Amino acid sequence: MPELTDEQQAERSQAVYEFLKTRRSCRSFTGKTVPREVIENAIRAAGTAPNGANHQPWHFAAISSPAIKRSIREAAEAEERRFYGEDGGTPKAPDEWLAALGPIGTDANKPFLEDAPWLIVCFAQRKGGIAEDGKTQNYYVTESVGIACGLLIATLHAAGLATLTHTPSPMNFLRDICGRPGEEKPLMIVVAGHPAPDATVPDHAVSKKPLSQIASWL
């Protein structure tokens, strides 16, 4: 590790914070292309995440195919219509959850799943080990993949791309569409691309808890 003074450490950590706090979830993308190399580098960065027993229990399916993106959108929107009750039935989501989503303004329509140049489906490998044999037990899988996804999003942000995490429920259809084995569980879709000129951020999403509320010092 580099030898840094206390002042240099504080300056660097402040600079990273100032940069990362500019990240916003984007739901409106252009079709402008993003080089595959950028996505490869972001996935490599995700692969450096700390993880249980160094089994690296993750797989990232990077999708640019319009046909596959369309299939994902159709399946995701079908689940979302059931979630919001827009299919004519009773919403799967409880009223409290729907009320919490209200200020963000989301609904069952997910055009970003087709508009953005890249979808990265993040899978958690419940078994497999380093050899990915489908049998060896993996450990701290959700925690490990969650950290990896954080590094993935941070790297995409550093590359000047807008991102969105999308988690339709249930999402087993992603395993089928991406051709992944049964021991893998899809955790999220990371949408990546360039924001549309008219992309906006809800006021509700800009409000962040202060340090005094998210940290304690013992």
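This report walks through some helices, salt bridges and surface features of the structure above. The model is a predicted one, so please read every value below as computed from that prediction.

Let us start with a pair of helices. Helix H2 covers residues 36–46 and helix H6 covers residues 141–158. Their axes come within 7 Å of each other and cross at roughly 145°. The crossing of H2 and H6 is right-handed. Which residues of H2 take part in the meeting with H6? On the H2 side they are Ile39, Asn41, Ala42, Ile43, Ala45 and Ala46. Their partners in H6 are Ala148, Leu151, Leu152, Thr155 and Leu156.

**Salt bridges**

Next come the charged side chains. How many salt bridges does the structure hold? There are 8 salt bridges in the structure. The table lists three of them, with the distance between nitrogen and oxygen.

| Salt bridge | N to O distance |
|---|---|
| Glu18 and Lys21 | 3.0 Å |
| Arg73 and Glu114 | 3.0 Å |
| Glu184 and Arg180 | 2.8 Å |

Take the pair Arg73 and Glu114, which form a salt bridge. Arg73 counts as buried, because its relative accessibility is 17% and the cut-off for buried is under 20%. Glu114, in turn, is partly exposed, at 26%. Arg73 and Glu114 also belong to a network of salt bridges, together with Arg70 and Glu77.

In the pair Glu18 and Lys21, joined by a salt bridge, Glu18 is partly exposed at 32% relative accessibility. Lys21 is partly exposed as well, with a value of 39%.

**A buried residue and its contacts**

Glu184 is buried, with 2% relative accessibility, whereas Arg180 is partly exposed at 22%. Both of these residues are in contact with Gln125.

Is Gln125 buried or exposed? Gln125 is buried, with a relative accessible area of 2%. This residue lies in strand E2, which runs over residues 118–125. Leaving aside its neighbours within four places in sequence, Gln125 touches Gln56, Pro57, Trp58 and His59, among others. Further contacts of Gln125 include Glu132, Asn138, Val141 and Glu183.

**Out at the surface**

Now for the outside. Where is a nonpolar patch found on the surface? Val16, Phe19 and Leu20 form such a patch, and together they have about 240 Å² of accessible area. Phe19 has its place in helix H1, residues 6–20. This residue is partly exposed, with a relative accessible area of 34%.

Finally, look at Asp203, which lies in helix H8 (residues 203–206). Asp203 counts as exposed, because its relative accessibility is 70% and the cut-off for exposed is over 50%. Asp203 and Pro103 are 100 residues apart in sequence. In space, their C-alpha atoms are 8.3 Å apart.

Technical notes: Residues numbered from 1 in each chain as written. Predicted model: local features only at pLDDT ≥ 70, side-chain atom pairs only at ≥ 80, totals over all residues. Heavy atoms only, no water. Patch = residues over 30% accessible without salt bridge, like charges linked within 9 Å, V, L, I, M, F, W, Y side chains within 5 Å. Areas by Shrake-Rupley, 256 points an atom, 1.4 Å probe, with all protein chains shown as cover. Salt bridge = Lys/Arg side-chain N within 4 Å of Asp/Glu carboxyl O. Helix = DSSP H or I, 4+ residues; strand = E, 2+ residues; numbered from the N terminus. Buried < 20%, exposed > 50% of the residue type's maximum accessible area, 1.4 Å probe, protein only. Contact = heavy atoms within 4.5 Å. Axes fitted to C-alpha atoms, helices over the stretch in contact; angles between N-to-C directions. Left-handed = near helix turned anticlockwise from the far one by under 90°.
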